[in-house]
Amino acid sequence: MKPALWNLGGKSILFNPQGLPQLPSLQEATNASRQAGLNLDDVQGGHFVSPFSCHHVCCIDETWLFRTRIGMRKVFERFFFFGISDATEFKARLKTDILPLITSTMQVIANQTDTMLNIAFSQTGLIALNITGPANDLNDTVFTNGQVADASNLGDPNTTNWVPEFVGTNIHGVMLLASDTEASINTTLADLQSKLGNSITEIYSLRGAMRPNENKGHEHFGFLDGISNPTVGGFQDPLPGQALVPTGEILVGETGDNVTRPEWAKDGSFLVFRQLKQLVPEFNKFLADNPINEPGLTPEQGSELLGARMIGRWKSGAPIFLTPKFDDPDLGKDKFRNNDFTFAEPGQNSSDPTDQSKCPFSAHIRKTRPRADLSVGENTTHHIVRAGIPYGPEVADDESSSNTTEIERGLAFVAYQSNITAGFQFLQHSWANNQKFVHSGVGFDPIIGANAGAQRPVNGLDPTNTTRNFTLTIDFVVSRGGEYFFSPSISAIANTLSV
Ligand code: N7H
């Protein structure tokens, strides 16, 4: 059964700032998906396109969609985490009432919904739905054990800072709702809750929202987000610098996913959710206290440079590898140039392992996508589609003046991949938290690198002395936990999960 479609007369639940890839037209998406053999009516809209997000999104198809999801920013999004109390009733409601409301990738592209709904299930949720035996074996141990079992491995100081509702394995599923108004989300959610009645219990929910005014599309530290996501397939040229990955790196059961899984899982994707608190006043204080002291830079410019070197991009999105000393807003908003670099000099296939003058090896975007730093060149197995969104209020004046976070804000981090061990978990554990990656002595990723709450050595941040070591005594990003989910295809919901 397919959801009812309607045209919104040009209104969109997505916001696409300059500098990010644009959505394909309906015709382009149709042609591309046909060529790729993908049924975009069957893939939930969050996987590639992302009616949902900003940091990391999703929609579908071999190139277009992926490219799309990549850049799309959702205006408002709600994450509604639930437990299943009555499986028989839940399945019945899922089939007749919820399924017609679930938004496909094609509907997102065609702008045919004013509130996008996606649904995903945890391992305990699949068991609650009586998906057992071989049908239950998604062949991803990390997913099977749940995120709480992975906390220490990810560098969290166990679950000390976790939202209590994420501790344990009681969350069976999550519904993701995105729209251009909170009122639409509230109305849709109330309708869903009334339809599901006592078959579910609300466990926790989180409200994401795009930041206001000139900060639209920027995360809470102030940096433009959602610029670089991989595209899939092979028939559409990626934007310059955009990673081209096999479809199966994001979608289960497609070319490039060589893991054996039950047939029903095809065209689904593993969804990683993390509530990542950001200590913005503390981050700003660190920058103000440690300006890069370079001739020609004011202290404020020195602080901005330090922040840019921690990320690898300026606030505008311009990559520091291309503009190492000053921000270049025109470059930041030019999607044909703002991702067009490899960390190697022009004409070289690999980067210079001793040169951090333009970008530190520890910079967040270099740790999480080392491009030509790898001896084999660009990796093809550790990509994720990021589809997060900021949550929490803007920094208040008294927080700025006291340099202290009083109200929680951060990133509702969402990532899609066909293999969590090779995707999110690998990026966090084996690259961001690994002091020896990509070379010995590099230290942690200063943004997301985690050392179980202990201080973090970070090197290469000062371009005037790249052997200078920083020791970060504070985590600017604090994990509040989350869960691992599987976001199934629409036909899997219809034919397997609701029967
Ligand atoms: Fe990151 N930030 O604002 O500092 N991230 N990230 N991320 N991130 C990126 O290219 C940020 C997190 C990746 O292809 C940008 O979209 C923050 C986790 C990857 O060049 C910015 C948080 C993981 C990329 C941020 C956070 C990643 C990337 C540049 C947490 C995975 C693409 C804009 C609060 C484990 C790299 C852009 C590439 C880019 C920020 C989390 C991964 C500005 C604040 C947990 C793969």
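Visitor: Is phenylalanine 343 buried or exposed?
Guide: Phenylalanine 343 is buried, with a relative accessible area of 3%. Buried means under 20% relative accessible area, exposed means over 50%, and partly exposed lies in between, using a 1.4 Å probe and protein chains only. This is a predicted model, in which local features need pLDDT of at least 70, side-chain atom pairs count only at pLDDT 80 or more, and totals for chains, interfaces and linings use all residues. Residues are numbered from 1 along each chain as its sequence is written, and side-chain values use heavy atoms, with hydrogens and water left out.

Visitor: Where does phenylalanine 343 lie?
Guide: Phenylalanine 343 lies in the loop between helix 10 (329-332) and helix 11. Helices (H or I, at least four residues) and strands (E, at least two) are DSSP runs, numbered from the N terminus. The phi of phenylalanine 343 is near 80°, a positive value in a residue other than glycine.

Visitor: And asparagine 403, what is its phi?
Guide: Asparagine 403 has a positive phi of about 55°, although it is not a glycine. This residue lies in the loop between helix 12 (397-402) and strand 12. Asparagine 403 counts as partly exposed, at 28% relative accessibility.

Visitor: New topic: how many residues of helix 13 are buried?
Guide: In helix 13 (residues 424-432), 7 of the 9 residues are buried, so this helix is largely enclosed by the rest of the structure. The buried residues are Phe424, Gln425, Leu427, Gln428, Ser430, Trp431 and Ala432.

Visitor: What do those buried residues of helix 13 pack against?
Guide: Their partners are helix 6 (141-145), strand 9 (269-278), helix 11 (364-368), strand 12 (410-417) and strand 15 (477-487). Contact means heavy atoms within 4.5 Å.

Visitor: Which peptide bond is cis?
Guide: The bond from phenylalanine 437 to valine 438 is cis, with omega near 5°. Valine 438 lies in the loop between helix 13 and strand 13.

Visitor: Which residues touch the most other members of the largest nonpolar core?
Guide: They are Phe82, Phe90, Ile119, Phe121, Met175, Trp264 and Met310, in a core of 84 residues. A nonpolar core is a set of buried Ala, Val, Leu, Ile, Met, Phe, Trp, Tyr and Cys residues joined through side-chain atoms within 4.5 Å. Apart from that core lies another, of 26 residues, among them Phe79, Tyr204, Leu206 and Ala412.

Visitor: What does phenylalanine 90 contact?
Guide: Leaving aside neighbours within four places in sequence, phenylalanine 90 is in contact with Phe82, Ile84, Ile119, Phe121, Leu129, Leu196, Ser199 and Ile200.

Visitor: At what angle do helix 3 and helix 7 pack?
Guide: Helix 3 (residues 87-98) and helix 7 (residues 182-196) pack at an angle of about 135°, with their axes 9 Å apart. Axes are lines fitted to C-alpha atoms, for helices over the stretch in contact, and angles run from 0 to 180 degrees between N-to-C directions. The contact is made by Phe90, Arg93, Asp97 and Ile98 of helix 3 and by Leu192, Lys195 and Leu196 of helix 7.

Visitor: One more: where is glycine 248 found?
Guide: Glycine 248 is found in the loop between strand 8 (244-245) and strand 9. At 0% relative accessibility, glycine 248 counts as buried. Not counting residues up to four places away in sequence, glycine 248 touches Glu254, Thr255, Gly256, Asp257 and Ser418.
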